[in-house]
Amino acid sequence: MSIPKITQEVKDITRIERIGAHSHIRGLGLDDSLTARASSQGMVGQRTARKSMGIVVHMAREGKIAGRAVLLAGPPGSGKTALAMGLAQALGSETPFVSIAGSEIFSLEMSKTEALTQAFRKSIGVQISEETEVVEGEVVEIQIDRPLDKGAAGAKTGKLTLKTTDMETVYDLGAKLIDNLQKEKVQSKDIITLDKATGKITKLGRSLGATGDFDAMGASTRFVQTPQGELQKRKEVSHTLSLHEIDVINSRSQGFLALFAGDTGEIKSEVREQIDLKVAGWREEGKATIHPGVLFIDEVHMLDIECFSFLNRALESDMAPILIMASNRGITRIRGTDYQAPHGVPLDLLDRTLIIATEPYSDEEISKILEIRCEEEDVAFTEKAKTLLTKICTTTSLRYAIQLITASSLVAQKRKAYEVDMIDLKKVYELFVDVKRSTQFLKDYQNEFMYNTQEEVDAQEDEAVATDNKSMDTTE
Ligand SMILES: Nc1ncnc2c1ncn2[C@@H]1O[C@H](COP(=O)(O)OP(=O)(O)O)[C@@H](O)[C@H]1O
Ligand SMILES: [Mg+2]
């Protein structure tokens with residue numbers, strides 16, 4: 001009965017795979033000399049900015065100098081977030097990349113600075129290495145004795161024969177090891193590693209000598225050489241945790257389960273101090289290496305003056321990651337003050353920041369980006385429709401045009417066409433208005449009802465502001 005249920009679950013999981021706004025971006029599209037290719041890894045144009053981001057990748061890889069800050073500044077839809085996503089891909093899975101939006105900091109559960117501290121510490125990886133004794137070899141035979149009397153406690157025993165090219169040994173198996181072997185579905189001719197301390201079994205692959213047995217192979221079967229020399233070895237194993245994860249595991253009030261619940265609350269500063277000391281100790285002993293990552297704060301103008309001053313300070317720590325910020329604001333008020341500053345970021349922070357400007361795209365670049373998006377969303381356009389979409393994009397915005405891709409494909413499906421044509425595109429263009437037309441519509445609407453509504457709206461707005469202030473004063 002339970003088997004059909006499981007297959008259903010598997011199906012559901014594969015169906016969930018969704019396409020995000022930046023899913024077409026697979027890197028920065030740079031060559032070895034850091035020059036941006038015209039179109040590569042889903043990235044188009046914006047070459048200077050991409051080149052600069054390539055240098056940031058190198059800064060992160062080197063990881064020697066802490067506390068670098070970079071600001072991506074440019075108009076909406078010029079690819080700032082896309083560049084950050086490309087950077088994350090280019091860094092690879094080893095380097096931590098943490099992405100937050102400026103407004104996320106303002107949560108009720110913790111203070112702004114705690115939220116920022118957690119974000120900072122999430123983006124610092126600590127690689128801890130240990131030496132353990134392992135047994136590594138090719139499985140010759142697994143023999144499990146089934147006791148006749150099932151009631152006998154701990155009766156499961158067995159023998160495991162492992163070999164290298166030079167030797168062969170028989171090991172006695174206890175119940176735990178038998179369970180582990182069965183869990184990993186180990187069979188003869190597998191190459192395995194057995195951690196002596198923990199009993200953990202890792203399958204490295206199939207023996208090259210088993211290439212003839214086609215019956216037991218999946219597409220992902222890996223073939224490896226039978227190990228040489230001794231069966232017992234000392235092996236270095238390493239795992240990487242973020243500083244934040246170490247904090248959570250060690251803060252007694254929450255315990256490590258909080259990692260899965262995501263509900264970590266505030267972490268005491270004493271805990272953090274102790275952990276910093278501990279990690280420094282490990283580094284001296286050569287047990288741990290620090291991998292500073294990247295913290296990306298999108299819409300950074302949403303932070304207020306307190307957050308900015310915190311950032312200034314935090315960047316001075318030798319455990320600081322590379323900070324990348326993005327903003328589409330011009331000269332505007334710094335949140336929490338009455339002062340204006342470029343991008344809404346205080347000058348003292350800007351002063352220590354490398355600024356990368358993103359420029360609006362040319363028509364050619366736009367049509368290339370749209371083409372890539374069509375491919376990503378699995379929608380086919382006729383040539384004429386493609387030209388029209390590019391035209392729509394130049395008069396409206398890149399984001400609006402991207403939205404039209406799926407919408408128009410749904411309209412095309414309705415008339416049972418495989419390709420989106422001009423009529424489908426025209427239809428959705430009429431159905432969904434862009435910002436310009438929407439504003440125009442509001443203006444027209446105002447003109448028609450000029451005498452009463454405008455004043456009414458003003459009065460309502462005043463009232464809303466007044467009640468807002470009141471509720472702030474009383475803080476219910
Ligand atoms: N150079 C580019 N190459 C490919 N796709 C891009 C590029 N620039 C922007 N895009 C895509 O266009 C859309 C809008 O860009 P986005 O990065 O969100 O702009 P911003 O963050 O500057 O407002 C996104 O779907 C993004 O992936
Ligand atoms: Mg953005």
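## The largest pocket

A pocket here is an open set of grid points with protein on both sides within 12 Å along at least five of seven lines. This structure is a predicted model. Its largest pocket holds about 640 Å³ of space. The lining comprises 32 residues, and Ala21, His22, His24, Arg399 and Ile402 lie closest to the pocket centre. Helix α13 supplies the largest share, with 8 residues.

Domain 1 (39-123 + 293-357) and domain 3 (363-438) each give at least three residues to the lining of the largest pocket. Sorted by class, the lining has 13 nonpolar residues, 13 polar and 6 charged.

## Leu323 in strand β14

Leu323 sits in strand β14, which covers residues 322-327. Its relative accessibility is 0%, so Leu323 counts as buried; the cut-off for that class is under 20%.

What does Leu323 touch beyond its neighbours within four places in sequence? Its contacts there are Arg68, Ala69, Val70, Leu295, Ile297, Leu311 and Leu315. Thr353 is a separate case, given by distance. It is 30 residues from Leu323 in sequence, and the two C-alpha atoms are 9.1 Å apart in space.

## Cysteines

The disulfide count is 0. A pair would need its sulfur atoms within 2.5 Å to be counted. Cys307 has a relative accessible area of 1%, so it is buried. Cys374 is buried too, at 6%.

Lys189 is not a glycine, yet its phi is positive, about 75°. The residue lies in the loop between α5 (175-183) and β8 (190-195). Is Lys189 buried or partly exposed? Its relative accessibility is 31%, so Lys189 counts as partly exposed.

His343 also has a positive phi without being a glycine; the value is near 60°. Its loop runs between β16 (340-342) and α10 (347-351). At 17% relative accessibility, His343 counts as buried. The cut-off explains the two labels: buried means under 20%, and partly exposed lies between that and the exposed class, over 50%. Lys189 at 31% therefore falls in the partly exposed class, while His343 at 17% falls in the buried one.

Technical notes. Residues are numbered from 1 along each chain as its sequence is written. Chains are lettered from A and ligands numbered from 1 in the order in which they are written. This is a predicted model: local features need pLDDT of at least 70, side-chain atom pairs count only at pLDDT 80 or more; totals for chains, interfaces and linings use all residues. Side-chain values use heavy atoms; hydrogens and water are left out. Helices (H or I, at least four residues) and strands (E, at least two) are DSSP runs, numbered from the N terminus. Buried means under 20% relative accessible area, exposed over 50%, partly exposed in between (1.4 Å probe, protein chains only). Contact means heavy atoms within 4.5 Å. On a 1 Å grid over the protein atoms alone, a cavity is a set of points where a 1.4 Å probe fits but cannot get out, and a pocket is an open set with protein on both sides within 12 Å along at least five of seven lines; lining residues have an atom within 4 Å of a point. Grid points are joined across faces, edges and corners, and a volume is the space filled by probe spheres set on the points. Ala, Val, Leu, Ile, Met, Phe, Trp, Tyr, Cys and Pro count as nonpolar, Asp, Glu, Lys and Arg as charged, and the others, Gly among them, as polar. Domain bounds come from an automatic or database domain assignment.
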